[in-house]
Amino acid sequence: MQRYSALSVLWGGLTGQKNWQKVWGHPKPKPHYDVIVVGGGGHGLATAYYLAKEHGVRNVAVLEKGWLGGGNAGRNTTIVRSNYMIEGNTEFYEHSLKLWENLSHELNYNVMFSQRAHVNLVFSPSQRDAMARRYNLMRLNGIDGEFWEPEELKRRIPLLNMDQGRFPILGAYVQPRAGTARHDAVNWGFARAATALGVDIIQNCEVTGFIRKAGALIGVETSRGGVSGEIYADKIGLAVAGHTSVLAARAGLGKLPIETHKLQAYVSEPIKPIIDHVIVFGGVGHFYISQSDKGGLVFGGDLDKYNSYAQKGNLPVYENVMAACIQILPCLGRVKLLRQWAGVMDMSMDGSPFICKTEIPGLYLNAGWCYGGFKATPGSGHTFAHTIAKDEPHWANRLLTLDRYRKGRLIDETGHGPTPKLH
Amino acid sequence: MLRIPCPFCGPRDHSEFSYEGDATVKYPALDASEDEWFEAVFLRDNPRGPHRELWHHLYGCRAFLIVERDTLTHEIRGARLAHQPTAEALK
């Protein structure tokens, strides 16, 4: 792999940018792999990378139906945080955040991880109490968190509409180490680093079925068709959030604790730097916003709240999100919206994911990411690779199992119960 | 915007409704086995295509409807009252 450095950028600039090499190819699938990862989003690519890097499993293929990062990996609002309070989530997301902190060096690719602080606004005393409990629990678990009084909030984010009638802003709970990353760079960085370690990334290759032998899965049938479309593997990992139920049905895994819902995101026209943090609130509405390095304001809100596999959002939610935006940041009233889109996601029955083995030998599952898959990308790949390679979970994903629902050990961060649209 | 044909109110925007999920879930008897309850509470078919689902006309007639909708195209093939005796009385 050609290493990137300040010097290589300078050299490229002086030599007409002719020094850049292709970072992944279009390999023909081999007939057999040690591991096939289905899904070429961030999680699938990260899994392949960590399998090769940490476990020496280099005979790996990533099969992607469309193009790299064309699903949720390229549709999210790029927020990275670890402000979770329940065992299972706490250690997993903090593990992931620690991997983020060194990811650009790890991959020799600038993922533009920016720890600009995640600022969670509170609007009522009861909300402040609930958040105090959450952030105290985080601090007890060694995760950073602090409270900004209204004066400090006003000083740091002067554009906030603090004294809005019925629900004035009473302060904010903040995770300073949280922030944003460039989502495409994360996909490309993992794809490049995985390719350099020998992983085959095969795009435009949909998994249409599974090959079985004595109850175990030993390979996949793909849209490439015929005998050449059959690819065999010792182990198969699914990382296809949004379409997990569809693939699980093909694999014979049966019903899962998932509903597929869609979530919209929006980006404004590029403007000069105006928002330095990730600003978020939930409870009296739901809204999150940050500014990309290109200048676009990237923001979003709630799910559309009905089962859907359509990657297009509806207008009522659009209106709610805009209303929430103008309520706290009235200064954005004249900023034009550039684009709006939607992604489909696995909404699990307790709002938390699963990274685990399944009851079918040879099949491993990484699913149920709800809204929060992007921040989990390195942690998910790291622990899923561990689970596949060692046939046992990493300590950080040991509680993210599929059988926790049957055992009544839910990891329900928001306390909404088995109502996926509310998580 | 989805348009849901409410048997009482005619075609109405979906923002008048609250979505209540998969209508094919059958809740077992209270003393049924743990397995049956586990399946009813937690497991879903989650189809990519035709889906039978419950919508509550919260800001309208407040009736619960069973709507046939495609989760990929959002096409709605019909809606009827979820409460069978009332549906039959209206025939």
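**Group meeting: the chain A–chain B contact and the elements of chain A**

Let me begin with the two chains: 22 residues of chain A are in contact with 17 residues of chain B, where contact means that the C-beta atoms of two residues, placed from the backbone, lie within 7 Å. On the chain A side, the elements that give two or more residues are helix H8 (244-251), strand E12 (258-268), strand E15 (297-307), helix H9 (315-328) and helix H11 (404-407); helices (H or I, at least four residues) and strands (E, at least two) are DSSP runs, numbered from the N terminus. By class, that side of chain A divides into twelve nonpolar, five polar and five charged residues, with Ala, Val, Leu, Ile, Met, Phe, Trp, Tyr, Cys and Pro counted as nonpolar, Asp, Glu, Lys and Arg as charged, and the others, Gly among them, as polar.

Please keep in mind that this is a predicted model, in which local features need pLDDT of at least 70 and side-chain atom pairs count only at pLDDT 80 or more, while totals for chains, interfaces and linings use all residues. Residues are numbered from 1 along each chain as its sequence is written, and chains are lettered from A and ligands numbered from 1 in the order in which they are written.

Now to the sheet. Chain A has an open sheet of eight strands in the order E5-E6-E4-E13-E14-E15-E12-E16, with mixed pairing; two strands pair if DSSP finds at least two bridges between them. Its edge strands, each pairing on one side only, are E5 (146-148) and E16 (337-348) of chain A. Neighbouring strands of this sheet are turned by 25° against each other on average, direction ignored. Within it, E13 (278-282) and E14 (286-291) of chain A pair in the antiparallel sense over four bridges, and A:Gly282 stands opposite A:His286 in E14(A).

Two helices deserve mention here. Helix H5 (125-140) of chain A packs on the sheet, touching E4 (118-122) and E6 (171-175) of chain A, and its direction makes about 145° with that of E4(A); axes are lines fitted to C-alpha atoms, for helices over the stretch in contact, and angles run from 0 to 180 degrees between N-to-C directions.

Elsewhere in chain A, how many of the 14 residues of H2(A) are buried? Twelve are, buried meaning that 20 or more other C-beta atoms, placed from the backbone, lie within 10 Å of the residue's own. What covers these residues includes E1 (32-38), E2 (60-63), H7 (183-196), E11 (230-238), E18 (363-367) and H10 (377-390) of chain A. Just after H2(A), A:Gly56 takes a positive phi of about 65°.

H10(A) also meets helix H3 (89-101) of chain A: their axes come within 7 Å and cross at roughly 105°. The two are therefore roughly perpendicular to each other, a term covering 65 to 115 degrees. Their contact includes A:Phe92 and A:Trp100 of H3(A) and A:His382 of H10(A), and by class it has five nonpolar, four polar and no charged residues.

I will finish with a hairpin, formed by E9(A) and E10(A) with two residues between them, where A:Ala214 in the turn has a positive phi of about 50°. E9 (207-213) and E10 (216-222) of chain A pair in the antiparallel sense over six bridges, and E10(A) pairs in the antiparallel sense with E11(A) over three bridges.

How values were computed:
Parallel < 35°, antiparallel > 145°, perpendicular 65-115°, else oblique.
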